[in-house]
Amino acid sequence: MDRRKFRKRAAAGSAALGSFSLLGGNALAEDGRRKGYEFVVLSRDAGNEGLIISGNGTFGSQSVDGGGKFDNFRFQPPPPFPVVATGSWRAKKFISFTLAPVHPPSNPEGRHGVYQAGILKMTADFHPIGHGTVKDVMLEVVCNLGPAGANNPGKEEGVYVTVPGPHEFMPSGTGVTIFIAGKGSSDDD
């Protein structure tokens, strides 16, 4: 390929990459790459309500996307427990991501393979079926990654959910959360 064709293709590629943010691209994480999150957990309030919440998406240093489903219910035997609300949620605003502060010196990022320990804070809008949208719900996703020797002292693995009002749900020890670290140079996709 001659220089002229190469420059033309390179310019077209640069223009396409530059317009990516206009088509929904987002800011990158501190290491220059987006991170992913996935979870399915049970959280409980101080009374008799439970919240099964699932989610997945990506985040960077300035943005978050993704969402999931939720099922809010009362622990009122016998099962099936009565449903308070059920529906979907959508990530709205990135607040912060911090790496787990406790990890072996040989593993400063708290990683184990492609997984990473830390805490993601974001706000979300909840859309209960048959009810109005609940805006500005705070989600704090906590991942303590045992195989990496990384954890967040004082924070149980799971999702802390604060509904405006406030109504708080805390992890119950049931479920899993995980962060997927940015792709390495050997990744093909």
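Residues are numbered from 1 along each chain as its sequence is written, and side-chain values use heavy atoms, with hydrogens and water left out. Because the model is predicted, local features need pLDDT of at least 70 and side-chain atom pairs count only at pLDDT 80 or more, whereas totals for chains, interfaces and linings use all residues.

**The whole chain**

Along the sequence the pattern reads α-β-β-β-β-β-β-β-β-β-β. Of the 189 residues, 35% are buried, where buried means under 20% relative accessible area, exposed over 50% and partly exposed in between, with a 1.4 Å probe and protein chains only.

**The nonpolar core**

Next select Tyr37, Ile53, Trp89 and Leu139, the residues with the most contacts inside the largest nonpolar core, which has 31 residues. Such a core is a set of buried Ala, Val, Leu, Ile, Met, Phe, Trp, Tyr and Cys residues joined through side-chain atoms within 4.5 Å. Among the strands that each supply at least two residues of this core are strand 1 (35-44) and strand 2 (49-59), while strand 4 gives the most, with 5 residues. In soluble globular proteins, nonpolar side chains tend to be buried together.

**The largest pocket**

Now show Phe70, Asn72, Ala85, Val134 and Val163, which are the closest to the centre of the largest pocket among the 13 residues that line it. About 210 Å³ of space lies in this pocket. On a 1 Å grid over the protein atoms alone, a pocket is an open set of points where a 1.4 Å probe fits, with protein on both sides within 12 Å along at least five of seven lines, and lining residues have an atom within 4 Å of a point. Grid points are joined across faces, edges and corners, and the volume is the space filled by probe spheres set on the points. The lining has 11 nonpolar, 2 polar and no charged residues (Ala, Val, Leu, Ile, Met, Phe, Trp, Tyr, Cys and Pro count as nonpolar, Asp, Glu, Lys and Arg as charged, and the others, Gly among them, as polar).

Stay on Asn72, which is found in strand 3 and counts as buried at 11% relative accessibility. The side chain of Asn72 reaches the backbone oxygen of Gly50 at 2.9 Å.

**Loops and backbone geometry**

Move to Ser63, in the loop between strand 2 and strand 3, which is buried with a relative accessible area of 12%.

Two cis peptide bonds can then be inspected: the bond from Pro79 to Pro80 has omega near 5 degrees, and the bond from Gly165 to Pro166 has omega near -20 degrees. Pro80 lies in the loop between strand 3 and strand 4, and Pro166 in the loop between strand 9 and strand 10.

Finish at Asp136 in strand 8, where phi is near 60 degrees, a positive value in a residue other than glycine. Asp136 counts as exposed, at 54% relative accessibility. Most residues other than glycine have a negative phi, and most peptide bonds are trans.

How values were computed: Helices (H or I, at least four residues) and strands (E, at least two) are DSSP runs, numbered from the N terminus. A polar contact is a pair of N or O atoms within 3.5 Å; within protein, one must be able to donate a hydrogen and the other to accept it, and residues adjacent in sequence count only if both atoms are side-chain atoms.
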